Amino acid sequence: MTDRGDFSRQSFLGPDAEQILADARVTIVGLGGGGSHIAQQLAHVGVGHFRLIDPQEIDGSNLNRLIGGTKQDVVAKTPKVEIGERVIRSIRPWAEVRTAKREWQLADDLLKDSHALFGCVDGYRQRMYLEGAARRFALPYFDIGMDVTKLDDAQYAVAGQMIMTLPDGPCMRCLGFLTQQRLDREEDQYGDAGINPQVVWINGTLASLAVGAFVRLLAPWFRYSRDFEWLELAGNHQLVSRSRQPDYSFKGPCTHFGPRDLGDPFFDLSKLGPGLTKQ
Amino acid sequence: MRAIFRTTDQFLRDVRQDLVRPHRFAAERVGFISIRAAVTSESLILLAEGYHAVADDDYIDDQTVGAMMGQEAIRKALIVALLQPLGMFHVHMHEHRGRPAYSPTDRREQLKFVPDFFKVRPQMPHGAIVLSHDRAIGRTWLDRDTVINITEFNIIGSQMTIDISRPTGRVDFIA
């Protein structure tokens with residue numbers, strides 16, 4: 001037991017795991033049904049630095065899944081990032097939490113020096129842009145999302161995915177997840193069961209898969225070497241399996257992002273303030 | 001200001017593999033890592049984008065040091081920075097495990113050539129890195145005269161490393 005808490009139940013993560021996780025800086029984009037689960041779980045495992053980005057306030061339709069959200073929050077229209085911060089601090093008061101109640105494109109200051117980026121956003125196009133940001137700053141990217149498809153008048157198929165990509169591995173386009181067909185279809189519609197169907201148990205399962213993949217990167221408890229992960233959740237039968245899609249789609253080194261795409265496009269030392277030299 | 005050097009584990013494996021190759025007279029090898037950069041209000045992030053090995057013929061036979069680059073090696077590195085918006089980091093390796101430290105020769109020689117990169121690419125940070133078999137240490141110049149330590153190495157891969165230098169009072173931490 002240390003000042004941070006008692007992590008003895010996860011000691012199998014290794015003798016340095018507590019410090020490693022406490023040093024970790026994670027950015028979560030989207031603090032709704034998926035991101036709120038991820039924030040909570042990362043706080044439990046002992047991550048020390050959080051950057052939470054979401055432009056929205058909670059509303060009544062979020063209470064079916066947003067972890068930490070209360071009826072009072074709905075009345076008060078509490079920003080989702082504030083709810084996330086409250087949940088994290090209630091578990092780990094020592095954690096550093098920074099929040100941005102705005103679109104992630106306007107808060108990229110919080111992405112760049114993170115160690116991992118969690119994307120919990122709606123839509124394929126948003127995912128593509130967010131993974132692009134992860135590549136720009138050489139970050140591991142964890143994406144979760146679910147969808148509900150109408151089978152007939154009385155039946156629906158519930159499905160979801162957790163995808164992890166690494167800077168020198170295949171991206172979501174290489175893997176065959178982000179396809180032009182999907183991007184085009186998104187222009188017309190998204191889901192067949194109303195706008196962005198979301199339920200707490202699917203969000204929670206996908207969030208757990210993402211948190212597990214993240215902890216495995218930083219504090220591996222078994223020998224593991226894989227430069228991407230794509231897990232599919234068949235929600236109707238509650239089965240998680242590794243996607244076969246990359247077997248058909250993945251053709252070799254990523255051609256969508258290259259070394260020229262790294263960093264700030266117009267980086268110039270002379271435009272930085274004097275605070276740069278203070279350590 | 002936190003200076004972060006971020007690269008992938010595969011990239012660093014390739015660099016180490018090159019640096020341990022024997023040379024016909026030099027006791028060790030050196031090279032350059034080119035970087036692009038990003039900045040936040042409190043972090044400067046140095047993103048490794050390419051490795052430039054020093055050619056066999058560009059070493060000088062000087063038995064007083066592990067490896068001595070000739071003018072041609074430095075000229076080639078300067079050209080890379082001249083033609084592209086890249087920072088250049090000299091890199092070599094100490095053959096041990098654990099955090100490496102600069103030798104007096106490292107410090108003296110870095111001061112001789114790193115500031116020259118600002119003549120061709122003043123917009124980018126340049127610097128020097130010393131690797132061991134499993135750790136790294138480095139410093140970056142922000143202009144010809146201002147040097148700060150790299151305080152964090154992020155090695156991204158299926159086993160990821162966040163290696164943070166915490167001030168210990170040891171000489172090797174002082175830029």
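This report describes helix packing, strand pairing and the chain contact in a predicted model.

**Helix 2 of chain A**

Two packed helices are described by the angle between their axes and the distance between the axes.

| Helix pair | Angle between axes | Axis distance |
|---|---|---|
| Helix 2 (residues 33-45) of chain A and helix 8 (residues 200-218) of chain A | roughly 45° | within 8 Å |
| Helix 2 of chain A and helix 4 (residues 80-91) of chain A | about 20° | 9 Å |

The axes of helix 2 and helix 8 of chain A cross at roughly 45°, which makes helix 2 of chain A oblique to helix 8 of chain A. Their crossing is right-handed. On the side of helix 2 of chain A, this contact involves A:G33, A:G34, A:H37, A:I38, A:Q41, A:L42 and A:V45. Helix 8 of chain A contributes residues including A:V200, A:N203, A:G204, A:A207 and A:V211. By class, the residues of the contact between helix 2 and helix 8 of chain A comprise 9 nonpolar, 7 polar and no charged.

With helix 4 of chain A, the angle is about 20°, and helix 2 and helix 4 of chain A are therefore roughly parallel to each other. This crossing, too, is described as right-handed. Here A:S36, A:A39, A:Q40, A:A43 and A:H44 of helix 2 of chain A meet A:I83, A:G84, A:V87, A:I88 and A:I91 of helix 4 of chain A. The residues of this contact divide into 6 nonpolar, 4 polar and no charged.

**Strand 1 of chain A**

Strand 1 (residues 25-29) of chain A is largely enclosed by the rest of the structure, because 5 of its 5 residues are buried. In a regular strand the side chains alternate between the two faces of the sheet. In strand 1 of chain A, A:R25, A:T27 and A:V29 point one way, while A:V26 and A:I28 point the other way. Strand 1 of chain A pairs with strand 2 (residues 49-53) of chain A in the parallel sense, over 5 bridges. Within that pairing, A:R25 has A:H49 as its bridge partner.

**The sheet of chain B**

In chain B, 9 strands form an open sheet of mixed pairing, in the order 9-8-7-6-2-3-1-10-11. Strand 9 and strand 11 of chain B are the edge strands, each pairing on one side only. On average, neighbouring strands of this sheet are turned by 25° against each other, direction ignored.

Strand 7 (residues 126-131) and strand 8 (residues 136-141) of chain B pair over 6 bridges in the antiparallel sense. B:I129 stands opposite B:G138 of strand 8 of chain B. Strand 7 of chain B also contains B:V130, which counts as buried because it has 22 C-beta neighbours inside 10 Å. Neighbours within four places in sequence aside, B:V130 is in contact with B:H92, B:H94, B:P100, B:Y102, B:D106, B:A136, B:I137 and B:G138. B:V130 and B:F25 are 105 residues apart along the chain, and their C-alpha atoms are separated by 21 Å.

**Contact between the chains**

The contact takes 36 residues from chain B and 34 residues from chain A. Among the elements of chain B that give two or more residues to the side touching chain A are helix 1 (9-19), strand 2 (30-39) and strand 3 (43-53). Strand 3 of chain B supplies the largest share of that side, 6 residues. The side of chain B that touches chain A has 18 nonpolar, 14 polar and 4 charged residues.

Technical notes
Residues numbered from 1 in each chain as written. Chains lettered and ligands numbered in written order. Predicted model: local features only at pLDDT ≥ 70, side-chain atom pairs only at ≥ 80, totals over all residues. Axes fitted to C-alpha atoms, helices over the stretch in contact; angles between N-to-C directions. Helix = DSSP H or I, 4+ residues; strand = E, 2+ residues; numbered from the N terminus. Parallel < 35°, antiparallel > 145°, perpendicular 65-115°, else oblique. Left-handed = near helix turned anticlockwise from the far one by under 90°. Contact = placed C-beta atoms within 7 Å. Nonpolar A, V, L, I, M, F, W, Y, C, P; charged D, E, K, R; others polar. Buried ≥ 20, exposed ≤ 12 C-beta atoms within 10 Å, placed from the backbone. Pairing = 2+ DSSP bridges.
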